[in-house]
Amino acid sequence: MGNVLDELITMSKALGDPNHDYAILGEGNTSAVADHDSFWVKASGTQLVQACRESFVRVRSLPILAALNESDLDDKAIKELLKSSTVEGARSPSIETFLHALCLQLEDVQFVGHTHPSLTVGLLSSINSRKLFAGSIFPDQIVVLGPRNAYVPYADPGLPLALAVRESIQEFLDREHRVPKVVLMENHGIIALGNTAQEVLNITQMLVKTCRIISGTLAAGGPRFLSSTQVDRIDKRPDELARRKDFK
Ligand SMILES: [Zn+2]
């Protein structure tokens with residue numbers, strides 16, 4: 001077990017592996033908790049597949065979180081804030097640093113992976129995207145992703161997107177009384193929230209598999225969701241809870 005930054009680098013390379021088609025070129029960004037008041041986040045202009053120590057900067061959480069409550073920041077002020085909040089690393093933090101800061105505040109979330117898997121973005125850009133993700137289809141989906149996802153309507157990248165994600169997660173917490181594993185972003189991509197780097201990879205992998213299965217169901221009339229009783233049964237089965245532990 002290496003240190004957090006090494007684990008973040010390994011996770012980022014895996015998420016950026018072109019064979020997976022989760023992200024290409026400069027797409028996607030990742031982060032991890034560094035200590036109680038700062039976190040590592042991908043620097044702007046870097047590629048996940050080429051992740052190395054220089055690809056990440058360490059940023060203070062407080063000023064970034066405070067900016068989420070200020071609606072009058074223009075592009076220049078945001079850029080300056082990102083720069084002044086950086087405590088380690090020469091590059092500028094990703095514009096999605098705001099989104100990472102708030103996700104890393106959630107209980108048990110230590111690593112975050114935001115990607116644009118083609119299969120998933122295809123479904124999330126469809127007319128019926130909300131309906132396609134409104135239920136669970138198969139047991140392992142529930143074990144790894146939980147019974148429900150948070151869903152975010154399209155928003156401009158940067159601060160507006162972070163605010164939309166915050167609202168969606170808050171609504172999820174109020175409704176489900178647990179932290180989501182996945183945030184689905186309409187016409188954009190996904191956020192995987194993990195306790196470990198491996199969990200972020202597992203979540204991303206299982207979500208993309210789920211999307212492949214949803215696509216399959218569309219060839220034959222659309223998904224048949226499991227009933228809420230069936231979903232609850234998988235979600236709370238002692239053997240499934242034990243398996244879930246093994247995933248971490
Ligand atoms: Zn994105």
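**View 1. Val183 and Leu184 sit among the members of the largest nonpolar core.** In this predicted model, the largest nonpolar core has 61 residues, and Val183 and Leu184 touch the most other members. Helix H9 (residues 197-218) gives the largest share of this core, eight residues. As a general background, nonpolar side chains tend to be buried together in soluble globular proteins. Which residues does valine 183 touch, not counting those up to four places away in sequence? They are Ala150, Val152, Val165, Ser168, Ile169, Ile190 and Ile191.

**View 2. Strand E8 is a buried strand.** Six of the six residues of E8 (residues 189-194) are buried, so this strand is largely enclosed by the rest of the structure.

**View 3. Strand E8 has partners in E5 and E7.** Strand E5 (residues 111-115) pairs with E8 in the antiparallel sense over five bridges, and here phenylalanine 111 stands opposite glycine 194. Strand E7 (residues 182-185) is also antiparallel to E8, with four bridges; look for valine 182, whose bridge partner in E8 is alanine 192. E7 and E8 form a hairpin with three residues between them. In the turn, asparagine 187 has a positive phi of about 50°.

**View 4. Eight strands make up an open, mixed sheet.** Reading across, the order is E4-E3-E2-E1-E5-E8-E7-E6. The edge strands, E4 (86-88) and E6 (150-152), each pair on one side only. Neighbouring strands are turned by 25° against each other on average, direction ignored. Elsewhere in the sheet, E2 (residues 38-42) and E3 (residues 56-60) pair in the antiparallel sense over five bridges, with phenylalanine 39 opposite valine 59.

View 5. Helix H1 (residues 4-16) touches E1 (29-35), E2, E3 and E5, and its direction makes about 170° with that of E1. H9 touches E5, E7 and E8, and its direction makes about 140° with that of E8.

**View 6. Threonine 217 lies in helix H9**. Is this residue buried or partly exposed? Threonine 217 is partly exposed, because 14 other C-beta atoms lie within 10 Å, whereas a buried residue would have 20 or more. Leaving aside neighbours within four places in sequence, threonine 217 is in contact with Gly222 and Pro223. Aspartate 174 is 43 residues from threonine 217 in sequence and 31 Å away in space, C-alpha to C-alpha.

Methods. Residues are numbered from 1 along each chain as its sequence is written. This is a predicted model: local features need pLDDT of at least 70, side-chain atom pairs count only at pLDDT 80 or more; totals for chains, interfaces and linings use all residues. A nonpolar core is a set of buried Ala, Val, Leu, Ile, Met, Phe, Trp, Tyr and Cys residues joined through C-beta atoms within 7 Å. A residue is buried if 20 or more other C-beta atoms lie within 10 Å of its own, exposed if 12 or fewer, and partly exposed in between; C-beta atoms are placed from the backbone. Helices (H or I, at least four residues) and strands (E, at least two) are DSSP runs, numbered from the N terminus. Two residues are in contact if their C-beta atoms, placed from the backbone, lie within 7 Å. Two strands pair if DSSP finds at least two bridges between them. Axes are lines fitted to C-alpha atoms, for helices over the stretch in contact, and angles run from 0 to 180 degrees between N-to-C directions.
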